[in-house]
Amino acid sequence: MTGKNKLQGGLRVKGIFKQSDNLKPLISVITVVVNGEKYLEKAILSIAEQTYDNVEYIIIDGGSTDGTLDIISKHEGLIDFWISEKDSGLYNAMNKGIKLSKGDFIGFVGSDDFLYKNSLEKLAKVAKNENIDYTVGPVDIIDDSGKLIEKILVLPNFLSKKRFIFDMAMHHLSFYVNRKIIDKVGNFDESFKIRSDYDMTINVISASKKKFNFIDSVGSFREGGLSGSYKSYFESFSILRKHKVSMLKSIFNILPSLIKVFIIKNFPSSIVNFLRKIFSSGRFVRFKK
């Protein structure tokens with residue numbers, strides 16, 4: 001305990017610090033959570049069970065009032081550092097995690113996400129011999145019961161004509177960034193409350209030279225959230241404007257997404273699924289429920 005309404009713990013508090021070397025780059029994984037007791041344990045264990053062992057795991061808790069802290073305490077020996085205190089939002093907490101991290105690469109695993117066992121080993125093997133700036137890769141979407149319903153692929157040819165500025169190039173679960181690039185582009189822009197990760201990918205890719213592409217899915221996340229809401233696409237418009245995209249191009253870029261959200265919210269699922277098949281971008285592989 002460090003002060004009123006502020007708690008912390010983990011291996012670092014006990015004087016145990018992990019370090020990087022030429023043969024084993026240190027990979028920092030950060031989980032941000034508030035009242036995430038339902039799935040947090042699965043996320044923690046997915047990091048602990050990685051086949052690569054030089055992984056630094058940090059949990060930033062926003063002052064949970066459910067059983068989240070009990071789960072963190074139960075697995076404290078698997079966590080390098082955790083802190084629990086009020087924050088001003090998701091990206092404030094993520095920036096806090098970056099500041100606390102020590103790794104050569106930094107990535108995020110949500111409290112209801114999990115990584116597959118050998119994902120970080122694949123990155124480490126390449127990073128030992130090549131100067132990788134960031135990673136991309138496919139990610140699985142599961143339902144509440146854990147059943148696979150969809151796969152998100154990397155945006156095809158996203159570097160061509162800077163397509164990554166107009167669409168998210170990959171899901172955040174597959175996005176690990178070299179610390180040198182993070183130091184160059186800076187933190188998440190906290191003025192964006194829903195899609196600052198989109199803004200960050202634009203910054204990172206624009207400042208980078210070499211990527212590593214995971215061939216297989218790196219992990220799973222559960223469907224839902226605000227990233228496909230009206231608010232998120234209005235925020236995307238602001239991000240495009242921040243990156244000097246013209247007003248007209250910005251409007252035409254988000255318009256199809258707004259129409260898509262309207263259809264999903266107001267049409268029967270049979271019609272939605274039919275339209276998805278007709279107008280699919282090829283980024284999503286849908287599995288039968």
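Select glutamate 56 and arginine 12. Their side chains make a polar contact at 2.6 Å. A polar contact here is a pair of N or O atoms within 3.5 Å; within protein, one must be able to donate a hydrogen and the other to accept it, and residues adjacent in sequence count only if both atoms are side-chain atoms.

This is a predicted model: local features need pLDDT of at least 70, side-chain atom pairs count only at pLDDT 80 or more, and totals for chains, interfaces and linings use all residues. Residues are numbered from 1 along each chain as its sequence is written, and side-chain values use heavy atoms, with hydrogens and water left out.

**Stay on glutamate 56**

Now colour by secondary structure. Glutamate 56 sits in strand S3, residues 55-61. Helices (H or I, at least four residues) and strands (E, at least two) are DSSP runs, numbered from the N terminus.

Is glutamate 56 buried or exposed? Glutamate 56 counts as buried, because its relative accessibility is 2%. The classes are buried under 20% relative accessible area, exposed over 50% and partly exposed in between (1.4 Å probe, protein chains only).

Next, show what touches glutamate 56. Leaving out residues up to four places away in sequence, the neighbours include Leu26, Ile27, Val29, Asp80 and Ser101. Contact means heavy atoms within 4.5 Å.

**Two loops with positive phi**

Most residues other than glycine have a negative phi. Select asparagine 35. Its phi is near 50°, a positive value in a residue other than glycine. Asparagine 35 is in the loop between strand S2 (27-33) and helix H1 (40-48). With a relative accessible area of 39%, asparagine 35 is partly exposed.

Jump to lysine 244. This residue is not a glycine, yet has a positive phi of about 70°. Look for lysine 244 in the loop between helix H7 (230-242) and helix H8 (247-266). Lysine 244 is exposed, at 77% relative accessible area.

**Zoom out**

Select the whole protein chain. How many helices and strands are there? The chain has 9 helices and 13 strands. Its C-alpha trace spans about 55 × 40 × 35 Å along the principal axes. Buried residues make up 49% of the 289 residues.

Among contacts between residues at least 6 apart in sequence, 79% join residues at least 24 apart.
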